[in-house]
Amino acid sequence: MLEIQNVSVRYGRHQALFDIAAQVERGKITVLLGTNGAGKSTFLKALGGLVPTGPGASIKLGGVEIAAIPAHRRVEAGLALVPEGRGIFGKLSVAENLHLGGFAHRARTDEKERLERVLDLFPRLRERMPQIARTMSGGEQQMVAMGRAMMSHPDFLLLDEPSLGLSPLLSKDMFKSLRRIASEADVGILLVEQNAKLSLEIADYGYLLENGHIVGQGPAEELRSSPAVLRAYLGEEVVPA
Amino acid sequence: MTILVTGILLGGTYALIALGLTLQYGVARIMNLSNGETLVAACFSAWLLFTTTGINPLWGLLIIAPLGFVANGAIYLGLLRPLVRRATSQGMLEVDSILATFGLLFLFEGLMHLGFGGAYFNYQFLAVPFKFLGGSYALNRITAFGAAAAIALALYLFLYKTRMGTAVRAVAVDPEAARLVAIDVGLIAAFAFGLGGAITACGGVLLSTFYTFNASMGAVFTMKALIIVIMGGVGDVRGAVIAALILGVMETLVASLIDPGLTLAATYGLFVLILLFRPQGLFGGAAG
């Protein structure tokens, strides 16, 4: 279980997040929905340790407090973040990116088997191992980013808009892979998405973020039919009877 | 032909000095203007070892390179890391670190002046002719080139074939992304700064076997290294090696065909040309 309490983030005088509380379960997909600028990316960065959280913040991973430790040690604790813009090493090859994914000590045992699982999940990467990452298409780079995160043997995977820039067909594939990762590797996934429709279809639970506040939450099937969600995020889906 | 071979032999040592600088700048993001002082200190250390205890400079590498690593690592942790910590932007760090290492340059140069005075030093090591490709070359130059090539190859294998080396390159490419794969960026930066110092120190030891040195030549060698690094493309190991060979050949050409006194002028002339026309390096595509 990933238990988050009192997470606030300030950028200078602007407060981006206000006392966020949320939970992510292993083997489940939790989605965080919100419009542009709601604070979704900031929230993931705060969990990953890339932006500092305010006093009193608590982030417990399997009962262990990680809110005060630096980003690289959070990876050792079992958290893997695929940030906005993917954060892959553009000048390095696909193979090197995946190899670095296994840099964490927790990832050193069974590394070969894990690489095989990642390559089974994203068969495209197998043919592209020597290619320099930044010369690949957006969808392929997203696979590199997720594959690299999986190589660190995470208990929890935080993904910032994995469907961004992908065609609808590729987005569907991507979401299918997420389902497999969650169930087969028993990883808890926290997903930030603008694509509310597709993400609620695969998610187990959802949170709604607005202006830095959690304004709603519930099981995904409830959110799918909730009038507030339909209005705010699935507007185009509401067809007048 | 003789000029070409002599130039390449000189370039081999230059390559090591420049690789040290490019590691420090590429990974730790510190443009270390006192890099040449490491080189001079290594020259004097090799001379001391050789003249007082008779230790062969090639064995001396095994003592001096670790000292270069420790000294540079300590400089990074003690003096430069506070600058890294307080810097709010890459630009601020560059300005601060250039000023700080510029100061270090004078400090170390002054200390070595105090110890050794302004006189020129050299020692006789393998100063025998060696016939090769129809020409005759000093054996110490050939030995220095061979050792430089071996060290550069070892560095290349480390950076490209080991996970630790790949992590060093990852920090150079994207420090923030490096944190996301559990790399301790501060630790790797200190390690790379120390390793860069060790490589430059190796260059100094090898240089001292065939070159006359004095306490105040550090800045000149920092400039040479800088020219090579910029010519080869910042952080590009292969580029630095080729650029070093070009500089070595060019200096030898100018010294033997025109006038030895013009070597330095030619070096700086090349620097200006590169900054004007290929600031991203001879082999670099887009900068950064």
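Let me start with G165(B), which is buried, with a relative accessible area of 0%. Buried here means under 20% relative accessible area, with exposed over 50% and partly exposed in between, using a 1.4 Å probe and protein chains only. This glycine sits in helix α6 of chain B, residues 163-173. Helices are DSSP runs of H or I with at least four residues, strands are runs of E with at least two, and both are numbered from the N terminus. Leaving out residues up to four places away in sequence, G165(B) touches F158(B) and L159(B), where contact means heavy atoms within 4.5 Å. G165(B) and L187(B) are 22 residues apart in sequence, and their C-alpha atoms are 13 Å apart in space.

A quick word on conventions, friends. This is a predicted model, where local features need pLDDT of at least 70 and side-chain atom pairs count only at pLDDT 80 or more, while totals for chains, interfaces and linings use all residues. Residues are numbered from 1 along each chain as its sequence is written, chains are lettered from A and ligands numbered from 1 in the order in which they are written, and side-chain values use heavy atoms, with hydrogens and water left out.

Now, chain B as a whole. Its secondary structure comes to 11 helices and two strands, and from the N terminus the elements run α-α-α-α-β-β-α-α-α-α-α-α-α. The radius of gyration of chain B is 18 Å, close to the 19 Å that the globule rule gives for 288 residues, so chain B is as compact as a globular protein of that length. For that, the radius is taken over C-alpha atoms, and the rule is 2.2 Å times the number of residues to the power 0.38. Of those 288 residues, 51% count as buried. Among contacts between residues at least 6 apart in sequence, 76% join residues at least 24 apart.

On to chain A. Here we have 10 helices and 10 strands. Its radius of gyration is 17 Å, close to the 18 Å from the globule rule for 241 residues, so chain A too is as compact as a globular protein of its length. Buried residues make up 55% of chain A.

What about surface and charge? Chain B exposes about 12000 Å², with carbon and sulfur atoms supplying 72% of it. For chain A the accessible surface is about 10800 Å², of which 51% belongs to carbon and sulfur atoms. These areas come from the Shrake-Rupley method with a 1.4 Å probe. Chain B has 13 positive and 10 negative side chains, and chain A has 28 positive and 28 negative. Lys and Arg count as positive, Asp and Glu as negative, and His and the chain ends are not counted.

Next, a place where the chains meet. H72(A), in helix α2 of chain A, residues 71-77, is buried at 14% relative accessible area. Beyond its sequence neighbours within four places, H72(A) is in contact with R179(B), A182(B), I183(B) and D184(B). The side chains of H72(A) and D184(B) are joined by a polar contact of 3.5 Å.

One of those partners deserves a second look. A182(B) is in the loop between α7 (175-179) and α8 (185-208) of chain B, and is buried at 6%. Most residues other than glycine have a negative phi. Phi of A182(B), however, is near 70 degrees, a positive value. D19(A), in strand β2 of chain A, also has a positive phi, near 40 degrees.

Key:
The place of a charge is taken as NZ of Lys, CZ of Arg, CG of Asp or CD of Glu. A polar contact is a pair of N or O atoms within 3.5 Å; within protein, one must be able to donate a hydrogen and the other to accept it, and residues adjacent in sequence count only if both atoms are side-chain atoms.
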